[in-house]
Each structure stands twice: as C-alpha cells, then as structure tokens.
Number of protein chains: 2
Amino acid sequence: MFTLLSIDGGICAPDGFYADGISAGLKPDDQKDLAFIYSDTLCNVDALFTANRFQAAPIQHFKKGGIYTTNFVLINSKNANAMTAEAGIEDIDEILKHAKSRFKNINNPVMSSTGVIGVRLPKEKIIKGIDSFDLGKKSPDAAAKAIMTTDSYEKQVAFEVKLQSGESFKIGAMAKGAGMINPALATMLCFITTDAAVPADEMGVLLRECAETTFNAISVDGDTSTNDTVMLLCNQKSGIYNREAFFFALQKVMHELALKIVADGEGASKCVAFKVTGAANSEEAAVAAKALSNSLLVKTALYGEDPNWGRIASTIGASGVECDPKTLTITFGNITVYKKGDILFDTETEAKAAEVMKKSSFSIHCDLGISDGSFTTYGCDLGYEYVKINADYRT
Amino acid sequence: MFTLLSIDGGICAPDGFYADGISAGLKPDDQKDLAFIYSDTLCNVDALFTANRFQAAPIQHFKKGGIYTTNFVLINSKNANAMTAEAGIEDIDEILKHAKSRFKNINNPVMSSTGVIGVRLPKEKIIKGIDSFDLGKKSPDAAAKAIMTTDSYEKQVAFEVKLQSGESFKIGAMAKGAGMINPALATMLCFITTDAAVPADEMGVLLRECAETTFNAISVDGDTSTNDTVMLLCNQKSGIYNREAFFFALQKVMHELALKIVADGEGASKCVAFKVTGAANSEEAAVAAKALSNSLLVKTALYGEDPNWGRIASTIGASGVECDPKTLTITFGNITVYKKGDILFDTETEAKAAEVMKKSSFSIHCDLGISDGSFTTYGCDLGYEYVKINADYRT
C-alpha cells in the first residue's frame, strides 16, 4: 500500500537534485538552450536509447564511457550532434573536460543533445554557457524550457510516494518531444530523477518495462530520431526502496510525460487513445494499435473531425494482423459505428461520433473479436501546422 | 529486337477494345463516375489485388467467381463497396446480372470499385447508368476520367510494339490513384488491355514481376487500401506473342502509370526518385528506399525544398538495414552533401542542393557502401493540400 501525491519541483523535487537552464546563444533571441542536472551526491544512472542505427555522438559517448554513476548531466537543444563522426565525440570530451575543471565536485559528467542533425556543436558557446552555471540553483522550469525544440510548452512532473510505514521518496522528471516520435525503444529526451534507493541493477529493467506501455506506445509522425534517450538518475538519498511503489510511480511519471508529448505533437490539437482488444495476442494488438496511431489517413481524419470509420477498418486490415470484418467492432468514445459486419452508421450515429471527435482527447476502440490480446497506443491528429513546422524546421 | 511507339487511344488502342465513362449520379455536378471496358471477343484476365485483409466486395466477388475469361469490366468511383459484408457481394451480383440481361454478348462480367469505405453501393443509379451504355464506343478519355477519385488528371498510356518480323501488337492502360498509395502487392486501380496473344498462365507471373519495380515501388502516404487492383485483359486478337517484347512493354506501361500516380500524389508538387545502392542485398535496399519515400519528415522537407540531409541519414538509420555513417554517401541530384563521414555541406553546396530540390522531379541517391544491393522507389512531397484533401475527403 502506498499513495502518490503530485508535487511541484519537477526534476528538483527529489532530495539533493539541482537544475537550471540558460541561454548560450544556440537558439536566437536569448531563448534558453543549455541545461544541467546536478546531484550533490553521486547517482546511479541507466538509460534507454534510440533504436536508430545512426546513434548520435552523445549516445556513443555515454556507451563508450561505460558510465554507471554520474552527478552531472549537460543538455543542449538546437543541435543534435548526430552524423558528426569522431569529431562529434571529441567535442563532447572537450566540453565535459572543461565542465570538470570549472566545477571540482562534478564526477563522470554526461551530455545529451537534441536538434538539427549533421552540424558540429558550437563548442565555444556551450563552454561559455557552462561558465555561467550556478550548481546551487533549483530552477526546474528553466531546465525544462532549455531542452525544448519544437515543443510548445515545457513538460514536467513530480510525485511524492508515501509508503504505509510513513516513509517516503520522491521522483521527478522532465521531457522534450513534439515530432519524430515513434514507437521504438525510446522516443525523445526524458530525464528522471529520484531519491529512492533503487538497486543499480534493477534500473534498466524497470525503465524497459515501463517504456513498453508509455513511450513505446506513442506516435506523432512515425519517425525515429538519432538522439532519443530516457535517463534515470538515482541518488538514493531517501534510503527507501519499495519495488512495487517505485514501479508504479515510474510508470505514472512516464505515462504522464508520454501523453504530454502526444498532446504537444507538432501542430496537433487532439490526443487520441487507440485501444485494440480481442486480438490474437498482445503483440498483434500492438501492431494494429501502432498502425492506427501512425496512419496518415487516420491522422488527417482526426484533424477533420470526421468519424471516417472506413479508414480505421482499412488500417486494421492493412496492418497484417489476424482480423475479420465479421468479428470486428469499432467504437468512437462510447458510440459504436460498426459491429461484427453491421454498419451502424446512420445520420444520428454519425453526428454523435463527430461530437466525440470534437473533444481534445478521446478514444477509438477496435475489438477484433479473435482472442484476448490488447494494447493501447496514443496518437494525435495531423494538420497544416505539422507541415508548416517541418517544412521550415531547419531555417 | 523490337521497337515501342507511343500511341493515342489508351485502353481502346489494342484491337477489339471499347470503353466509355458516363455520369450515373454518384459524384455531384454530373461528373463522370461509371466506366466500362468491353472487348468484342472473350479475353483472358488476371489481376493483382491489395494485401489488405479487408479486401473489398468486388475483389471477393472476382476471386469467388474463379473468373479466368471476361469481356466486360464495370468500374465505379466514389464508393469502394468495402466493409459491406455479404450484402456488398450480392449488390454486385444483382448489378452484373442486369448488365448481362441488357447486353446479350457480355460474358462473365466483373466489377471494380473505388471511393469511400463502408457505404452500400447506390445500386439503382448504377443500373440506370448501365442502361445508357453504348458498347460500340471508343472513349478511353471518358473512361479514365470516370474512375478518378482525388486524382487531378486522368492517367492513360498506350504503345504499339513492332517486332523485327514486321508483326506488331498493342497495349493500353488507364489507372487512378493519388492517395493511399503504398508499396504493397498492388496499389491502386489499373486496367491494362492488349491484343497480344499472351498465354493465360503467364499473365499473373508477368504482372507480379513488373509490379515489383513499378507499382510496388511508389508511395504517396504509406496507407494500403481495401480495393487496389491491377487487371490485365488479353483478347489475343493480334495473334502475336514475343515474351521479351511483351514484358518490356508491360513494364514500361506500369512504370509510366506509376510515375503519373506519384506525380499526382494528393497535394504533391514533386516526384522524387529515392535511389539506394551499396546495400547488403536488394531486399535491404528496398527497405531503406521505401523508408525514405514513406518518411513524413523527408516528405515535408521536400515540400520545404530544404536539403535537410540529416533527415535522410536518420531515416536510413531508423530503417533497420545494415549501414554505417563511415561508408554512407548522400547525393541530391548530382550534388554530394555527405561522403563517408565527411559533411560536405557548406553554404555553396547547400545552395546547389536547394537548387536541385526546386525541380519538379529529381533523385536523392544514398549509397550505403556495404555491398551491391540496389532499389529505387518513387515518392512525393507532403504539403498543406494533402491535409486539406484528406481532412475533407468524405464530405
């Protein structure tokens, strides 16, 4: 038994964590673009990385270093430091070497980047930015803002978890992500801090397990970036660990941030849950649910608020999973429009389904009627703004 | 040795074929929406159908009938007759039964439909339309127009093929397709007529072989419809068959129509060839090339005429094929922007690459530098118009 309390403070909510975000001149107009997370004691660290074969330099650097403990994470936006070969890794070495000489109590610093692919980091600007850091600051909002690219708002969450014994621990997180979001191993940048005493060897398992139904179940445009990272930092300060409670809290943190990312999908106005049940097994349910959240025709129908159930059916049929028109049922919110071969789509039903689609969040439920496999993904609509943002992104 | 001459006449170019398109009131404003293809002698017929599990009623009807010969194909647009269960098939039976009673010389008539999914056919309108058909008409333009949905122009092609012996045969075709185009078994509606004496048991093999590098290599939005059909009708009238010449002509017909479909992609302004070479094998080359033509981020960068090579690289990396930044080379037209780890993307190169992207058709070439697998796909940009067309399609 345990209770979760939503609290303020984002990544600085857990005991011993500090953060800030500043403008280092990578973005125009003095926008924040460089952040740090600092812990006053050493943390165990583990991370999930993108499935893209061209992993960016910061990911290669992390893996190469065999880093298991750290107390300093440096994050820049506007430049992904991807496709930059050995030079990209050397740039990180030089930047982090400088950080260590500037702040004596930094151990095994790591770096994370997001932004345009194929451009070397502006090293001097970043080094100058580091010089202005104050490690004693607790400014989670500024940090969350500094890691944004096409995000329209910062994404943070924090909980205090109280056990029945009266003991408690805290968990906080920030994330960025609005485009290039695909159900793959990891899907954006997300940094999670906690003062729970999670055993180091359980961190990766917990991250992977929670990612399956959260970050791996969301889609904005079906593309998988070179930089996706979900990082968990545990400084153990609370001395408390209850696996069940921590798993629940981590799942909740990742679920809430995943939904925030979908809701902030580039140009998106709706967050839609695609619930597939009755599939041959849960793998097939996931395939069908991901096909729905990725389909351009479904996404544009969401944008048009058009209960075009034919496109839903066609996408299920094209996904390759076992299915049959005679056992399929399609429901928008609580309005069933197609039931096991019967088209229930008269003018009245259509109007009711269209009403459901006007909401900013709702569910589309497809029961395949084959067996009991189920999976839910979260997606968004695709409108003019997505095209505008992505046609112009680099410039 | 043989020569191909481009000729007029579309599907009516081969000897003995007739066609027309009329308005039966399925589309508004007296637009053409019902077409027929008629041959004055019986044809062998074979077809490729969609890989979608929810195949539309006309496809089920064709397969159920075990039809191998026909001399009459009825095609309607605006309504796909898909997800309409047994009733959809019974509707076809009734419509074709009427056609047979109206025209005594019709044998084994077949039907094909395209349009909105999940609505019963307006049977009475179609039957009334059939009554007004004149089987002696040779109006290929009207037929090609009547099968259009969101297409902005009709798509036809015809060739006369002259053998060295002086003998000749003709092949003609019409197609429709502008959205929901995905590299799958078949990808739109396409009807090919010929008076060549193709052996019945070779037709399917030839169709499949030619589809691989034509209709299976194009993408507009990555969705696979319920109705995709490529149908070949051979009435043998020329008495001539030379496999090499016929294969070449069929390939040419399907390639030209495939490019016409991409160029007419919903809201598209550019047709781009994604040429992948140097892959581990041709299967991996196809996976990478299809990933490029399907990527939303690549498609929006094309629309923005932005030589954002990082997105090209990232898409290759995310496709799962064997690749390495140290052996990859990326070229826009004849401008190489990234070569085996070196970023050649200075201001001058960027300007030249941007110049290439202003053209209405060009190629993007990725040499993976692994082995000698190659494959080329054809795709288009994605702009505001795609969203507009698909948000509003049903209404």
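Domain bounds in this predicted model come from an automatic or database domain assignment.

Q: What makes up the domains of chain A under that assignment?
A: The assignment gives domain 1, residues 2–263, and domain 2, residues 271–392. The centres of domain 1 and domain 2 of chain A, taken over C-alpha atoms, are separated by 33 Å.

Q: How many residues of domain 1 of chain A are in contact with domain 2 of chain A?
A: Contact requires C-beta atoms, placed from the backbone, within 7 Å. Twelve residues of domain 1 of chain A are in contact with eleven residues of domain 2 of chain A. On the domain 1 side, eight are nonpolar, four are polar and none is charged.

Q: Why is helix 1 of chain B called roughly perpendicular to helix 2 of chain B?
A: Helix 1 (residues 57–65) and helix 2 (residues 85–102) of chain B pack at an angle of about 70°, with their axes 9 Å apart. Angles of 65 to 115 degrees count as roughly perpendicular, and therefore helix 1 of chain B is roughly perpendicular to helix 2 of chain B. The crossing of these two helices of chain B is right-handed.

Q: Which residues of helix 1 of chain B meet helix 2 of chain B?
A: Ala57(B), Pro58(B), Gln60(B) and His61(B) meet Gly88(B), Ile89(B) and Ile92(B) of helix 2. This contact has four nonpolar, three polar and no charged residues.

Q: Which element gives the largest share of the side of chain B that touches chain A?
A: In total, 46 residues of chain B are in contact with 46 residues of chain A. Helix 9 of chain B provides the largest share of the chain B side, eight residues.

Terms used:
Residues numbered from 1 in each chain as written. Chains lettered and ligands numbered in written order. Predicted model: local features only at pLDDT ≥ 70, side-chain atom pairs only at ≥ 80, totals over all residues. Contact = placed C-beta atoms within 7 Å. Helix = DSSP H or I, 4+ residues; strand = E, 2+ residues; numbered from the N terminus. Axes fitted to C-alpha atoms, helices over the stretch in contact; angles between N-to-C directions. Parallel < 35°, antiparallel > 145°, perpendicular 65-115°, else oblique. Left-handed = near helix turned anticlockwise from the far one by under 90°. Nonpolar A, V, L, I, M, F, W, Y, C, P; charged D, E, K, R; others polar.
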